[in-house]
Amino acid sequence: MPSREEHLQKAKHNEKLAVVLQPEYKDWCVTAIFYAALHYVDMHLASEGTHPTSHDKRNPLIAKHYLLREIWSPYRKLNILSRNARYYAAPIVDADINNARTWLDAIKAFMRSKGHKLD
């Protein structure tokens with residue numbers, strides 16, 4: 001299972017990828033942003049010794065976790081946006097990317113407020 005640090009590095013990697021993808025591949029940009037959020041969440045869970053192996057296992061953990069439930073809404077919105085882009089060919093526009101970045105920023109701010117060093 002990946003460590004807290006490995007999840008942090010993967011989250012940062014996905015954020016950098018989103019910047020590269022944005023001009024031409026907006027669907028994959030929001031997907032990379034979602035997976036950055038996923039790894040920030042998994043970073044927190046790993047610090048507690050929990051390692052979900054699928055979305056079906058992770059989602060209820062976030063929704064019911066005594067701390068993480070505070071970020072369930074932005075995480076869920078990112079998940080839906082990414083899923084719609086990947087599986088339903090939903091058109092992604094700049095406003096979607098702006099929303100995705102706002103939701104990711106909320107998740108990162110939450111992680112910082114809980115003592116996680118992200119930089």
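H39 is located in helix 2, where helices are DSSP runs of H or I with at least four residues, numbered from the N terminus. With a relative accessibility of 15%, H39 counts as buried; the term buried stands for under 20% relative accessible area, exposed for over 50%, and partly exposed for values in between, with a 1.4 Å probe and protein chains only. Leaving aside residues up to four places away in sequence, H39 touches H7, K10, A11 and N14, a contact being heavy atoms within 4.5 Å. The model is predicted, so local features need pLDDT of at least 70 and side-chain atom pairs count only at pLDDT 80 or more, whereas totals for chains, interfaces and linings use all residues. Residues are numbered from 1 along each chain as its sequence is written, and side-chain values use heavy atoms, with hydrogens and water left out.

T31 also lies in helix 2. Its relative accessibility is 3%, and T31 therefore counts as buried. The contacts of T31, not counting residues up to four places away in sequence, are with S82 and R86.

The packing of helix 2 against helix 4 was examined next. Helix 2 covers residues 26–47 and helix 4 covers residues 72–87; the two pack at an angle of about 145°, and their axes are 9 Å apart. Here the axes are lines fitted to C-alpha atoms over the stretch in contact, and angles run from 0 to 180 degrees between N-to-C directions. The crossing of these two helices is left-handed, a term used if the near helix is turned anticlockwise from the far one by less than a right angle. On the side of helix 2, the residues in contact are D27, W28, V30, T31, I33, F34, Y35, A37, L38 and V41, and they meet Y75, L78, N79, L81, S82, A85 and R86 of helix 4. Twelve residues of this contact are nonpolar, three are polar and two are charged. In this division Ala, Val, Leu, Ile, Met, Phe, Trp, Tyr, Cys and Pro count as nonpolar, Asp, Glu, Lys and Arg as charged, and the others, Gly among them, as polar.

Helix 1 has 18 residues, which at 1.5 Å a residue should span 26 Å; the end C-alpha atoms are 26 Å apart, in agreement with this value. The expected span is 1.5 Å times one less than the number of residues. The buried residues of helix 1 are H7, L8, A11, N14, E15, A18 and L21. They cover an arc of only 150° around the axis, which puts them on the same side of helix 1; the arc is that of the directions from the helix axis to the C-beta atoms. The face turned away from this buried side carries the exposed residues K16, V19 and V20. Helix 2 and helix 5 are among the elements that cover the buried residues of helix 1.

In helix 3, which comprises residues 55–64, R58, N59 and I62 are buried. Viewed down the axis of helix 3, these residues fall within an arc of 100°, so they line one face of the helix. D56, K57 and K64 are exposed on the other side of helix 3. The cover of its buried residues includes helix 2 and helix 4.

D96, I97, A100, W103, L104, I107, K108, F110 and M111 are buried in helix 5. Seen down the axis, the buried residues of helix 5 fall within an arc of 155°, so they line one face of the helix. These residues pack against helix 1 (4–21), helix 2 and helix 4. N98 lies in helix 5 as well and counts as partly exposed at 48% relative accessibility. N98 and V30 are 68 residues apart in sequence, but their C-alpha atoms are 9.4 Å apart in space. Helix 5 is followed by G115, which has a positive phi near 95°.

Two residues were considered in the loop between helix 4 and helix 5. A89 is found in this loop and, at 66% relative accessibility, counts as exposed. Most residues other than glycine have a negative phi. The phi of A89, a residue other than glycine, is positive, near 55°. V93 is found in the loop too and is partly exposed, with a relative accessible area of 46%. V93 and D27 are separated by 66 residues in sequence and by 8.6 Å in space, C-alpha to C-alpha.
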